[in-house]
Amino acid sequence: MSAAFPSVRAVCRPGSFAGEKRGPPPAAASGKLASGFLGSAWKLRFGALPARRRGSSSVVVAVSDVVKEKKPKRSSSSSSDLLITKEEGLELYEDMVLGRTFEDMCAQMYYRGKMFGFVHLYNGQEAVSTGFIKLLKQEDCVVSHYRDHVHALSKGVSARAVMSELFGKTTGCCRGQGGSMHMFSKEHNLLGGFAFIGEGIPIATGAAFTSKYRREVLKEADCDHVTVAFFGDGTCNNGQFYECLNMAALWKLPIVFVVENNLWAIGMSHLRATSDPQIWKKGPAFGMPGVHVDGMDVLKVREVAKEAIGRARRGEGPTLVECETYRFRGHSLADPDELRDPAEKAHYAARDPIVALKKYILESNLASEAELKAIDKKIDEIIEDAVEFADASPIPPRSQLLENVFADPKGFGIGPDGRYRCEDPKFTEGTAHV
């Protein structure tokens with residue numbers, strides 16, 4: 001395994017990379033975590049670390065600390081020390097604002113009765129989607145979960161198509177049949193959102209296998225496609241997660257497993273549900289790098305994503321990345337969000353990833369306040385247009401209920417007379433009107 005992630009080695013222990021020596025943890029003597037993200041969350045709710053973890057060699061160190069050590073102090077007159085260019089900074093900012101504004105509008109539309117069923121919003125987690133997906137190529141695949149609207153937007157699916165899908169209209173990316181939890185786009189290689197936790201991980205593993213098969217068996221030399229699988233902390237206690245880690249490592253598949261650890265699985269605290277809450281450690285157990293990163297900072301997510309995606313593209317195998325983040329709303333729009341401590345919510349709200357990126361851009365003189373406001377205005381117009389388009393779009397015809405049930409593209413098969421069953425007017429009697 002190559003000596004990857006040079007700037008985040010301290011967060012990958014033990015045995016993540018060849019040649020890395022195991023040394024004493026940065027804060028082992030004190031028995032406390034270094035100023036890591038997980039440590040902050042733990043202290044907030046539980047005080048000191050439990051005694052059984054003291055002195056452990058698997059201390060989580062924040063990537064931010066490592067980056068601070070590597071990067072010299074920036075001055076306003078020098079651009080050589082900047083982590084991103086102006087173009088990259090504006091792209092990241094626009095994508096994150098698009099995601100946040102879109103989700104805020106979804107909340108409004110849901111409460112106005114324009115959307116139905118469960119709608120899970122992504123507010124607060126934008127740094128993860130943007131940090132990874134904006135580094136991908138068109139041919140690369142993304143597999144999401146039920147909190148999938150922003151992943152679709154980051155991958156290039158239009159706001160019109162995503163909003164129309166949420167409205168259940170024919171102009172949606174799944175013609176109104178997928179809804180909030182099942183965004184899909186063949187054009188953009190978005191292989192779907194999945195309602196059941198962990199359901200998408202085997203799909204993502206299969207997509208990564210396809211890339212490897214095309215390259216090594218079919219001899220398609222230019223097929224260096226990568227798959228990124230997103231899932232939450234609640235998924236990481238499920239069997240298919242471990243099965244796919246094993247298969248991906250065994251076959252060195254070009255996949256990045258991204259854990260969006262927002263610390264809560266619906267109403268269950270991650271720290272109460274998992275014997276060892278440090279998910280990244282499960283990577284080295286299967287022979288792949290396991291990395292912990294501050295998921296509230298898009299620049300640090302992007303730094304880790306570059307190396308993980310690069311490893312996969314070079315044929316060096318999978319990576320498990322734990323992005324510790326936080327959702328600013330309840331589990332879904334039906335959740336009153338009364339279980340989480342207000343102090344905890346305030347703690348993470350103060351670390352808003354969009355505010356942090358905006359501050360970095362302005363302080364680094366990458367762009368002016370006026371340029372950022374112009375982006376804000378542009379996004380507002382895109383979202384307003386998406387709502388108007390979705391609202392004016394037609395609802396699916398009743399006959400569409402019978403499609404995509406069997407391989408037969410028209411739906412429920414062919415009758416004894418050789419005609420499509422769905423063409424018989426009596427066949428749909430009794431079905432609900434859309």
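Arg160 is partly exposed, with a relative accessible area of 36%, where partly exposed covers the range between buried (under 20% relative accessible area) and exposed (over 50%), computed with a 1.4 Å probe on protein chains only. The model is a predicted one, in which local features need pLDDT of at least 70 and side-chain atom pairs count only at pLDDT 80 or more, while totals for chains, interfaces and linings use all residues. Residues are numbered from 1 along each chain as its sequence is written, and side-chain values rest on heavy atoms, with hydrogens and water left out.

The side chain of Arg160 meets that of Asp385 in a salt bridge, with an N to O distance of 2.8 Å; a salt bridge is a side-chain nitrogen of Lys or Arg within 4 Å of a carboxyl oxygen of Asp or Glu. Because Asp385 belongs to helix α14 and Arg160 to helix α6, the pair ties together parts that are 225 residues apart in sequence. Helices are DSSP runs of H or I with at least four residues, strands are runs of E with at least two, and both are numbered from the N terminus. Asp385 is also partly exposed, at 29% relative accessibility.

Helix α14 spans residues 369-392, 24 residues in total, and reaches 35 Å from its first C-alpha to its last, close to the 34 Å expected at 1.5 Å a residue; the expected span is 1.5 Å times one less than the number of residues. The buried residues in α14 are Leu372, Ile375, Ile379, Ile383, Ala386, Val387 and Ala390. Their cover includes α3 (86-111), α6 (159-167) and α13 (353-363).

Two of these covering helices, α3 and α6, pack at an angle of about 25 degrees with their axes 12 Å apart. Axes are lines fitted to C-alpha atoms, for helices over the stretch in contact, and angles run from 0 to 180 degrees between N-to-C directions. The two helices are therefore roughly parallel to each other, a class that takes in angles under 35 degrees. Phe102, Met105, Cys106 and Met109 of α3 make the contact with Ala159, Val162, Met163, Leu166 and Phe167 of α6, contact being heavy atoms within 4.5 Å.

The count of salt bridges comes to 23. One of them joins the side chains of Asp224 and Lys137 at 2.7 Å, N to O. Asp224 lies in the loop between α7 (200-216) and β2, and Lys137 in the loop between α4 (126-133) and β1 (141-143), so this pair ties together parts that are 87 residues apart in sequence. Both are partly exposed, Asp224 with a relative accessible area of 21% and Lys137 at 33%. The side chain of Asp224 also meets that of Arg313 in a salt bridge at 3.9 Å, N to O. As Arg313 lies in helix α11 (residues 298-313), this pair ties together parts that are 89 residues apart in sequence. Through shared partners, salt bridges join Lys137, Asp140, Asp224 and Arg313 into one network.

Ala305 is likewise found in helix α11 and is buried, at 0% relative accessibility. Its C-alpha atom is separated by 6.8 Å from that of Gly131, 174 residues apart along the chain. Neighbours within four places in sequence aside, Ala305 is in contact with Gly131, Phe132, Leu135 and Gly310.

Thr235 is found in the loop between β2 (227-232) and α8 (239-251). This residue is buried, with a relative accessible area of 4%. With neighbours within four places in sequence again left aside, Thr235 is in contact with Ile197, Gly198, Ile201 and Phe241.

How values were computed. Angles under 35 degrees count as roughly parallel, over 145 as roughly antiparallel, 65 to 115 as roughly perpendicular and the rest as oblique.
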